[in-house]
Amino acid sequence: MMHQASASAPASIGNVGVGFDILGQAFDAARDTVTAVREEEPGVRLGAVSGLVSSLPDSAASNTALAAAQAVLGAVGAPCGMRLSIDKGVPLAAGMGGSAASAVAGAAAANALLGEPFSVEDLLPYALEGERIASDPPHWDNVMASLLGGLVIAASESPALVQRLPVPKTIVSIVLHPSVKVETRMARGILRKEVPMALVVEHSRRVAAFVAGCAAGDLGLIRAGLEDVLVEPQRQHLLPVLPAVKRAALAAGALGCSFSGSGPSVFAWALESEADAVEDAMSWTFVEAGIAARAYRAPVASEGARVERVSEEVA
């Protein structure tokens, strides 16, 4: 058992446009880092908070990193406890998987502190327990992508079956995070419970084309599939500038453009050679709409959770 361990987890793009609740993508332009220090007193406690925020909830009932670490601690049955310090690099309420990144980093740090009794893949249920604090039921798309890295599909939730998908290495993701708030529960609440069969067929057509395009490295199929006809039209009123941002991104060469998760962030996929033009086009559209927006960029094949540092207790 270690005395101290640090782990980090990346931001993520939930849904990846076309894959509502089944696709997620790691986005290594921002990371949360959690440092766990072993303590004799059982349980988990909050240590220092730094980065984009200066305070976070201090109990496992309201903090995703603490809840995930507590789940790992309980599964192992370790007699000790731990104190977790959190460095927030992923913005919250941005559609970039901020709560999931903390949950994944918390689970990974606790696992490293306990001598890694679980593999990275086996940490999924514990990270999901952390994410449950932010959203119940938890969002698999953000959690599995932040944990495993790259583009990930949830083939089944019970039993759990998730799989990384191949993606062309020449594709990058661009995310614009505007200074607008969209609450995830509200964004989910406005979705219709039933949709026409013709729409289901069109949606299925695009999911199949997108996944097949990624597997085959076929940019034409990726471009044909990377269009959300199911959920985005129901949510685009939450960010009225979205249609203009999409048009600008596609005109500049993007393979596709949509909400990142439930928004307000907007993401696009583009070839590395087109990325500057796509980012500039999206940014200028926000500027012309009078909305400040921060740009991020990372490879689609981004790394997932990783242990940053471990140290043994000095006698």
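Helix axes here are lines fitted to C-alpha atoms over the stretch in contact, and angles run from 0 to 180 degrees between N-to-C directions. Helices (H or I, at least four residues) and strands (E, at least two) are DSSP runs, numbered from the N terminus. This is a predicted model, so local features need pLDDT of at least 70 and side-chain atom pairs count only at pLDDT 80 or more, while totals for chains, interfaces and linings use all residues. Residues are numbered from 1 along each chain as its sequence is written, and side-chain values use heavy atoms, with hydrogens and water left out.

**Helices H3 and H4**
- Helix H3 (residues 124–131) packs against helix H4 (residues 140–148) at about 130 degrees, with the axes 10 Å apart.
- That angle makes H3 oblique to H4; angles under 35 degrees count as roughly parallel, over 145 as roughly antiparallel, 65 to 115 as roughly perpendicular and the rest as oblique.
- Who touches whom (contact means heavy atoms within 4.5 Å)? Leu-124, Ala-127, Leu-128 and Glu-131 in H3 meet Trp-140, Val-143, Met-144 and Leu-147 in H4.
- Sorted by class, that contact has seven nonpolar residues, no polar ones and one charged. Ala, Val, Leu, Ile, Met, Phe, Trp, Tyr, Cys and Pro count as nonpolar, Asp, Glu, Lys and Arg as charged, and the others, Gly among them, as polar.

**Helices H9 and H10**
- The axes of H9 (residues 242–251) and H10 (residues 275–288) come within 8 Å and cross at roughly 155 degrees.
- So H9 runs roughly antiparallel to H10.
- On the H9 side, Ala-244, Val-245, Ala-248 and Ala-249 meet Val-278, Ala-281, Met-282, Thr-285 and Phe-286 in H10.
- This contact of H9 with H10 counts eight nonpolar residues, one polar and no charged.

**Aromatic pairs**
- Rings of Phe, Tyr and Trp (its six-membered ring) pair if their centres lie within 6.5 Å; planes under 30 degrees apart count as stacked, over 60 as edge-to-face and the rest as tilted. By this rule there are two aromatic pairs.
- Phe-118 and Tyr-126 have ring centres 4.9 Å apart and planes at 40 degrees, so they're tilted. Both Phe-118 and Tyr-126 are buried (under 20% relative accessible area, with exposed over 50% and partly exposed in between, using a 1.4 Å probe and protein chains only).
- Phe-210 and Trp-269 are tilted too, because their ring centres lie 5.1 Å apart with planes at 50 degrees.
- Phe-210 sits in helix H6 (residues 197–216) and Trp-269 in strand E9 (residues 266–271), so this pair ties together parts 59 residues apart in sequence.

Notes. Contact means heavy atoms within 4.5 Å.
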